[in-house]
Amino acid sequence: MSAFGAADLHAHSTVSDGTEAPADLVRSARKAGLDVVALTDHDSTAGWAEAAATARDTGVNLIPGMELSTRRGWASVHLLGYLFDPDDAALRAETDRIRIDRTSRAERMVERIGHDYELVWDDVLAQTVPGTTIGRPHIADALVAKGHVRDRGEAFASILHWRTGYYQPHYAPDPLVGVQLVVAAGGLPVLAHPAVSEERIIPEDEMAELVDAGLFGLEVHHRDNSPAGARVLLGYAKRFGLAITGSSDYHGDGKPNRLGENTTAPEVIERIVSEATGSRPILR
Ligand code: AMP
Ligand code: FE
Ligand code: FE
Ligand code: ZN
């Protein structure tokens, strides 16, 4: 029998596009009845220390992680990494590069939006804390503050949608490089929401490449995966011997996703804790 209870392996804080500070996120996990929570901010480990301190105080098990931005062609591919070494030089260099380009990309988008709506860069900065990994959600929050849209959802469906002329891409490495970086840093890589309906599901030969590089698992249970897509993912998991995870992708008030709405089996948590070599979980 496993020692672990309900586990949610995907959540964001104000270090990226969540609306709760890392400490508050861990407290929310406790309130939601979770036994294990992973902090997975976009392209940053800046929240690990604060989350760890609160996890020790509140008795929640914490798995420090990250959601690394990668891209293949036009498709944005999100890669979750767990228990890697946060000081690994190669991974740090890559996340620094991504965050720097995310900022200039957001500035370019605000410049374009500013031609048609009253919006300046300071409006976006007002929606962040120092060091935040800046993304479209912060532009969305600024558009809300300015009264241009009602909420993030409306901003993404209109002004921030890639089909509009305002969208700009940002630098991101190939998913294969992402897997290699996380593995080299002693962590376990898991493809985030790989069957989001709008995006293509990665073909089997490309999946085999990622598996050869050390891919650990697939986030099969996620509200944005299409049901048909999730079935394809289950087939991949079986064929390639990949772990299956389930998570909320909690963003505080920034999204309707609730902590614990999907969970990961205790056996998978045991494997993550025992197989990762880059850093240790905070165990209660
Ligand atoms: P970016 O990486 O800057 O292009 O922004 C993508 C982020 O926006 C994702 O990490 C999502 O969390 C968030 N996002 C995407 N669609 C929505 C939506 N409809 N409502 C709120 N947040 C969203
Ligand atoms: Fe996000
Ligand atoms: Fe994601
Ligand atoms: Zn996420």
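Which residues coordinate the iron ion (ligand 3)? In this predicted model, where local features need pLDDT of at least 70, side-chain atom pairs count only at pLDDT 80 or more, and totals for chains, interfaces and linings use all residues, side-chain values rest on heavy atoms, with hydrogens and water left out. Residues are numbered from 1 along each chain as its sequence is written, while chains are lettered from A and ligands numbered from 1 in the order in which they are written.

The iron ion (ligand 3) is held by Glu 67 (OE), His 78 (ND1) and His 193 (NE2), at 2.0 to 2.2 Å. Donors here are N, O and S atoms within 2.8 Å of the metal (3.2 Å for Na, K and Ca); water is not among the atoms, so sites may look incomplete. Along the sequence, the donor residues of this ion run E-x10-H-x114-H. Glu 67 sits in strand 3 (residues 61-72) and His 193 in the loop between strand 5 (188-191) and helix 8 (204-212), so the pair ties together parts 126 residues apart in sequence. Helices (H or I, at least four residues) and strands (E, at least two) are DSSP runs, numbered from the N terminus.

Asp 17 (OD), His 42 (NE2) and His 251 (NE2) coordinate ligand 2 at 2.2 Å, with the spacing D-x24-H-x208-H. His 42 belongs to the loop between strand 2 (36-39) and helix 2 (48-58), and His 251 to the loop between strand 7 (243-246) and helix 10 (266-275), so this pair links parts 209 residues apart in sequence. Both His 42 and His 251 are buried.

How values were computed. Buried means under 20% relative accessible area, exposed over 50%, partly exposed in between (1.4 Å probe, protein chains only).
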